[in-house]
Amino acid sequence: MAVDIVTFGCRLNAFEAEVIRSKAEAAGLEDTIVINSCAVTNEAVAQARQSIRKLKRERPSARIVVTGCAAQTQSGMFADMAEVDRVVGNDDKMRGEAWREARDAFDLGASEKIAVSDIMAIREMAPHLVDGYARGLPRVFVQVQNGCDHRCTFCIIPYGRGNSRSVPMGAVVEQVRNLAERGHAEIVLTGVDLTSYGADLPGTPKLGMLTKQILRHVPELKRLRISSIDSIEADDDLLDAIAGDARLMPHLHLSLQSGDDMILKRMKRRHSRSDAIAFCDQLRRLRPDVVFGADIIAGFPTESEEMFSRSLDLVEECGLTFLHVFPYSPRPGTPAARMPQVAGALIKERAKRLRAAGESALRQRLQAEVGATRDVLIESEGQGRTEHYLPVAIAGERVGSVVPRVIAGSDGERLTT
């Protein structure tokens with residue numbers, strides 16, 4: 001057995017898992033399990049710990065290495081676990097040297113477990129060309145940015161990822177071209193704070209310029225998708241690309257977090273409720289069929305029922321289709337953890353109501369698709385997704401192909417043809 005990766009959290013972690021695998025295997029590691037952790041909530045950290053214990057019981061001879069955001073922010077906690085053999089930092093995991101050092105430490109029986117560097121000192125970002133994706137895999141990720149310069153009061157991620165840094169445009173375009181030539185139909189641009197892309201690069205190009213460069217210089221790319229963005233930072237070129245190029249998918253996931261202005265201020269967000277609604281209205285004018293998803297936190301400290309109701313109303317006022325609901329979770333060291341907390345039972349109840357609103361919105365959107373012709377990317381046998389990321393039950397098509405289909409109906413969870 002070589003290297004197995006268990007990944008928690010975001011799409012960026014999913015991309016980085018492929019880099020980790022190639023670096024660790026090239027370093028000669030064998031019978032090793034790497035836990036690529038997430039720190040966004042207490043639950044995510046708990047899931048990583050549970051997974052470590054379970055995997056050690058199932059494979060007692062395997063070495064267990066923990067990396068990712070939780071390893072960066074809580075390295076001592078993981079090092080104290082008897083099941084863990086090594087803790088590797090979040091930037092270190094992307095370097096072959098860190099995995100060679102891990103191999104040497106295992107061979108020598110070294111007692112020191114922690115190999116975590118100061119991520120806040122990292123100022124540049126090297127491109128990581130992934131060639132480990134299976135040929136023809138329908139959807140793959142390309143990392144264009146990492147880290148975050150903002151300090152939202154609830155968020156631990158800047159301390160797990162460091163400050164914002166970007167991959168040069170030429171390297172991104174080359175990576176996208178390589179992947180398109182390998183037969184990957186859809187490529188997703190991913191990062192921690194995507195709309196801050198380019199601020200650290202010469203000439204300070206923005207995400208919109210990068211997007212246009214990809215679409216212009218990789219004509220063979222069938223579909224380009226953008227993952228979560230901060231709407232207040234969306235630039236004119238990005239809006240122009242969404243409006244003008246059908247290969248850029250009409251689906252955006254927004255980092256909204258709340259629908260109440262006072263809560264947004266206490267979160268140290270940079271947009272208001274009216275900004276969010278205006279952005280969605282503007283995008284619909286530019287591209288009428290655009291679909292929105294959003295992150296919303298339930299039960300942020302000091303949130304009253306009236307404040308929460310504004311988040312609930314935002315689902316309809318912004319016309320959200322996909323909701324990613326986070327029950328608020330205090331992260332040690334963040335300002336929000338020191339604010340007056342909402343009772344746990346109330347947080348769960350509000351999260352449940354938000355999820356129900358999201359499920360209702362999705363069902364309505366699925367029903368509204370009936371009769372439309374959509375291009376469906378076949379993800380697996382019997383499953384595909386439209387341009388709007390809506391799931392489709394579809395059979396008899398080659399995985400990785402994009403096929404036009406008339407939507408005949410919906411079973412409440414997927415479209416049918």
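How many bridges join β1 to strand β2 (residues 32-37), and how do the two strands run? They are joined by 5 bridges and run parallel. This is a predicted model, in which local features need pLDDT of at least 70 and side-chain atom pairs count only at pLDDT 80 or more, while totals for chains, interfaces and linings use all residues. Residues are numbered from 1 along each chain as its sequence is written, and side-chain values use heavy atoms, with hydrogens and water left out. Helices (H or I, at least four residues) and strands (E, at least two) are DSSP runs, numbered from the N terminus.

**Sheet**

- The open sheet has 5 strands in the order β1-β2-β3-β4-β5, with parallel pairing; two strands pair if DSSP finds at least two bridges between them.
- β1 (3-7) and β5 (114-115) stand at the edges with a single partner strand each, so one side of each has no neighbour in the sheet.
- Thr-7 has Asn-36 in β2 as its bridge partner.
- Helix α1 (residues 11-26) packs on the sheet and touches β1, β2 and β3 (63-68); contact means heavy atoms within 4.5 Å.
- The direction of α1 makes about 160 degrees with that of β1. Axes are lines fitted to C-alpha atoms, for helices over the stretch in contact, and angles run from 0 to 180 degrees between N-to-C directions.
- Helix α5 (residues 96-108) also packs on the sheet, touching β2, β3 and β4 (86-88), and its direction makes about 170 degrees with that of β4.

**Helix packing**

- α9 and helix α11 (residues 273-286) pack with their axes 9 Å apart, at an angle of about 40 degrees.
- That angle makes α9 oblique to α11; under 35 degrees counts as roughly parallel, over 145 as roughly antiparallel, 65 to 115 as roughly perpendicular and the rest as oblique.
- Leu-239, Ile-242 and Ala-243 of α9 make the contact with Phe-279, Gln-282, Leu-283 and Leu-286 of α11.
- By class, this contact has 6 nonpolar, 1 polar and no charged residues. Ala, Val, Leu, Ile, Met, Phe, Trp, Tyr, Cys and Pro count as nonpolar, Asp, Glu, Lys and Arg as charged, and the others, Gly among them, as polar.

**Salt bridges**

- The count comes to 32 salt bridges, each a side-chain nitrogen of Lys or Arg within 4 Å of a carboxyl oxygen of Asp or Glu.
- Asp-237 and Lys-212 form one of them, at 3.2 Å from N to O. The pair links distant parts of the chain, 25 residues apart, with Asp-237 in helix α9 (residues 236-244) and Lys-212 in helix α8 (residues 207-217).
- Asp-237 is partly exposed at 29% relative accessibility, as is Lys-212 at 21%; buried means under 20% relative accessible area, exposed over 50%, and partly exposed in between (1.4 Å probe, protein chains only).
- Glu-306 bridges to Arg-310, with the closest N and O atoms 2.9 Å apart. Both lie in helix α12 (residues 305-317), 4 residues apart, about one turn of the helix.
- Glu-306 is exposed at 51%, whereas Arg-310 is partly exposed at 27%.
- Salt bridges that share partners join Arg-139, Glu-186, Arg-223, Arg-225, Glu-379 and Arg-385 into one network.

**Backbone**

- Most residues other than glycine have a negative phi.
- Asp-31, in the loop between α1 and β2, has a positive phi of about 45 degrees and is buried at 19% relative accessibility.
- Gln-257, in strand β11 (residues 251-257), has a positive phi of about 75 degrees and is buried at 7%.
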